[in-house]
Amino acid sequence: MLAQREFSLVGLWRCLRGRSSQPNADGSAMASEHCWIVALAVIAIACMPFVLLLPIFSAPGFRDSYLAFHVAAELATVITAVLIFNVGHYGMAEQRRAASYILASAFLAVAMLDFLHTLSYPGMPLFVTPNTPQKAIVFWLGARYIEAAGLLAWLLWPDRLTNRPARPVLLAAALAWVTMVTLAAMVFPDALPAAYVAGSGVTAVKVALEWGVIAMFVAAAIVVVWLSRHISYWRALLAMLVFMVGSELCFMSDVRPDDVTDVLGHIGKLAAFFLLYRIVFVQTMRRPIEALAVARAGLAEREARLRQILDGAPEGVVGVDAGGIIRFVNPMMTALFGYEPDEIIGKPVEVLVPERLRTIHDANRDRHHHYPWPNPMGLLNEKVGCRSDGSEFPAEVSLQLAHDPGGLDVAFVRDVTDKRRQEEELRWRANYDELTGLPNRRLLNDRLGHALAGSRRSRNYGALLFLDLDNFKYLNDTRGHYVGDRLLIETSHRIQANVRGGDTVARLGGDEFVVILEDLSADLQEAAIQARLVGEKIRESL
């Protein structure tokens with residue numbers, strides 16, 4: 001229990017010093033940001049009875065200077081109400097709650113009625129009709145009721161209703177309320193119940209009406225507590241409502257218009273208006289600006305990460321605008337093409353293509369823009385890149401087309417020289433014998449199929465010779481594999497030397513070779529003789 005108490009005192013101290021404010025997940029400050037305001041409101045209300053004991057309020061000249069204080073206090077609240085209207089009505093439209101228009105229109109009426117209340121206060125110069133406490137109180141109560149109603153509507157308007165209230169309708173309603181209160185105060189004052197009696201103070205009617213305002217403020221406080229999980233500034237709202245309730249309590253207990261409690265009431269009212277302006281300003285102006293700054297910082301961070309990724313990419317990356325002009329390149333483009341970034345940025349992309357292919361490349365680029373493929377990123381056929389020294393290299397290009405007219409087409413370029421060499425090597429190993437360089441069994445089957453098809457077309461006979469080397473295993477075992485390999489290589493050379501250029505010599509494996517003789521003769525016997533002669537020549541050569 002003691003530890004909890006110590007923790008609470010430390011937390012309150014840190015809160016009052018403004019050190020416990022931390023960002024929520026959505027970027028807004030936590031509710032503890034405004035806890036010092038709540039503490040200030042509670043302290044201020046608790047100190048009100050002691051303020052009444054100050055010598056200044058019992059000084060003989062206090063009542064004589066009260067009128068100046070009243071005008072100054074009311075004008076300060078009028079200015080603050082106008083600021084609340086201005087921020088709520090003309091602030092950053094995309095960042096405001098829809099109900100901000102309701103609050104703004106209500107406080108426009110509050111500013112006008114409080115100004116009329118100031119002009120109608122006893123002791124002020126004649127304002128259309130004689131200035132009386134009754135006239136001033138009517139303007140006062142008219143301002144307080146629309147103030148309380150505006151706060152309730154502002155708090156209760158659902159955020160899910162994205163449609164914004166019609167501003168002209170709200171302004172017309174506020175002006176209609178001001179007009180109605182003005183007529184009641186100036187034209188039909190006798191039709192209203194008396195709110196103030198000289199010598200005895202406010203009447204029961206005025207007290208009941210003040211209790212009605214307090215009830216609306218208390219209802220607003222209940223709504224604030226209900227919404228405390230959804231808004232981070234609910235403590236500041238509660239503090240503002242505490243000041244408003246305290247102010248109304250002061251105005252309920254005054255005996256004469258320049259009573260000491262009026263001073264405290266005006267101070268509480270001014271504090272409440274200031275807090276409300278701060279809340280509206282922070283939520284409507286400062287928070288969006290801070291959110292924009294955070295968004296810009298995040299954008300800069302993402303841009304730096306993207307640049308880091310692009311700089312470390314193993315492929316060349318180039319961005320091209322709709323006119324075919326290079327707008328950015330990554331360092332790998334310099335390694336591939338030999339151009340420094342400032343040498344090619346701002347140049348046509350065709351500078352990276354051999355001159356003999358630039359016309360075709362330009363036509364293909366236009367075709368891709370007019371008839372883009374459905375998938376967002378496509379692999380183009382292998383292209384030919386042109387380095388700064390004029391040398392060429394095979395390149396593979398992946399193209400990401402822009403989604404909007406002002407975007408950039410992004411091409412990912414890679415040098416496939418080694419890839420093509422490896423593919424050729426794999427293709428050669430799949431079809432040729434690694435030792436002798438002759439076609440292997442796989443390519444032999446393919447060549448045999450072609451030979452049979454050609455024989456059917458030309459109606460000429462061909463021949464298939466099968467050869468093997470006698471005692472090759474004995475030679476391999478006694479003289480070693482190196483000598484055996486040299487014998488196989490020399491055998492392949494001698495066989496090839498005794499056949500025509502269009503014939504096929506293949507190694508099946510070990511010491512076995514096959515020769516395909518194509519297009520020998522249309523006569524079977526003559527073709528057999530020619531094949532036998534070739535076989536004899538090969539044997540004599542070996």
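Visitor: Why does Lys269 count as buried?

Guide: The model before us is predicted. In it, Lys269 has a relative accessibility of 3%; buried means under 20%, so Lys269 counts as buried.

Visitor: What makes Lys269 and Asp114 a salt bridge?

Guide: The side chains of Lys269 and Asp114 meet at 3.1 Å, N to O. The cut-off is within 4 Å, and therefore the pair of Lys269 and Asp114 is called a salt bridge. Lys269 lies in helix H9 (residues 260–311) and Asp114 in helix H4 (residues 100–119), 155 residues apart, and the pair links distant parts of the chain.

Visitor: Is Asp114 buried or exposed?

Guide: Asp114 is buried, its relative accessible area being 0%, against a limit of under 20%.

Visitor: Which residues are linked with Lys269 and Asp114 in a network of salt bridges?

Guide: Glu74, Arg144 and Glu147 are linked with Lys269 and Asp114 in that network. A search of the whole structure finds 20 salt bridges.

Visitor: What is the charged end of Lys269 placed over?

Guide: The charged end of Lys269 sits over the ring of Phe273, 5.7 Å from its centre; the distance criterion is within 6 Å. Likewise, the charged end of Arg144 sits over the ring of Trp140, with 4.4 Å to the ring centre.

Visitor: How many aromatic pairs does a search of the whole structure find?

Guide: The search finds three aromatic pairs. One of them is formed by Phe107 and Phe273, with 5.4 Å centre to centre and 65° between the planes. Phe107 belongs to helix H4 and Phe273 to helix H9, 166 residues apart, so that pair too links distant parts of the chain.

Visitor: Why is the pair of Phe107 and Phe273 called edge-to-face?

Guide: Planes over 60 degrees apart count as edge-to-face, and the planes of Phe107 and Phe273 are at 65°; therefore the pair is edge-to-face. Phe107 is buried at 0% relative accessible area, and Phe273 counts as buried at 1%.

Visitor: What makes Phe337 and Phe393 an aromatic pair?

Guide: Their rings are 5.3 Å apart, centre to centre, and the limit is within 6.5 Å. With 65° between the planes, the pair of Phe337 and Phe393 is edge-to-face. Phe337 lies in helix H10 (residues 331–337) and Phe393 in strand S7 (residues 392–400), so the pair ties together parts that are 56 residues apart in sequence. Both Phe337 and Phe393 are buried.

Visitor: Why are Arg305 and Glu301 separated by about one helical turn?

Guide: Arg305 and Glu301 are four residues apart in helix H9, and this means a separation of about one helical turn. Glu301 counts as partly exposed at 41% relative accessibility.

Visitor: How do you know that Glu536 is partly exposed but Arg539 exposed?

Guide: Exposed means over 50%, and partly exposed lies between that and 20%. Glu536 has 31% relative accessibility, whereas Arg539 has 57%. The side chains of Glu536 and Arg539 meet in a salt bridge at 2.6 Å, N to O. Being three residues apart in helix H17 (residues 524–541), Glu536 and Arg539 are separated by about one helical turn.

Visitor: How many disulfides does a search of the whole structure find?

Guide: The search finds zero disulfides. Cys250 is buried at a relative accessible area of 9%, and Cys386 counts as buried at 11% relative accessibility.

How values were computed
Residues numbered from 1 in each chain as written. Predicted model: local features only at pLDDT ≥ 70, side-chain atom pairs only at ≥ 80, totals over all residues. Heavy atoms only, no water. Disulfide = S-S within 2.5 Å. Buried < 20%, exposed > 50% of the residue type's maximum accessible area, 1.4 Å probe, protein only. Helix = DSSP H or I, 4+ residues; strand = E, 2+ residues; numbered from the N terminus. Phe/Tyr/Trp six-rings, centres within 6.5 Å; stacked < 30°, edge-to-face > 60°. Lys NZ or Arg CZ within 6 Å of the ring centre and 35° of its normal.
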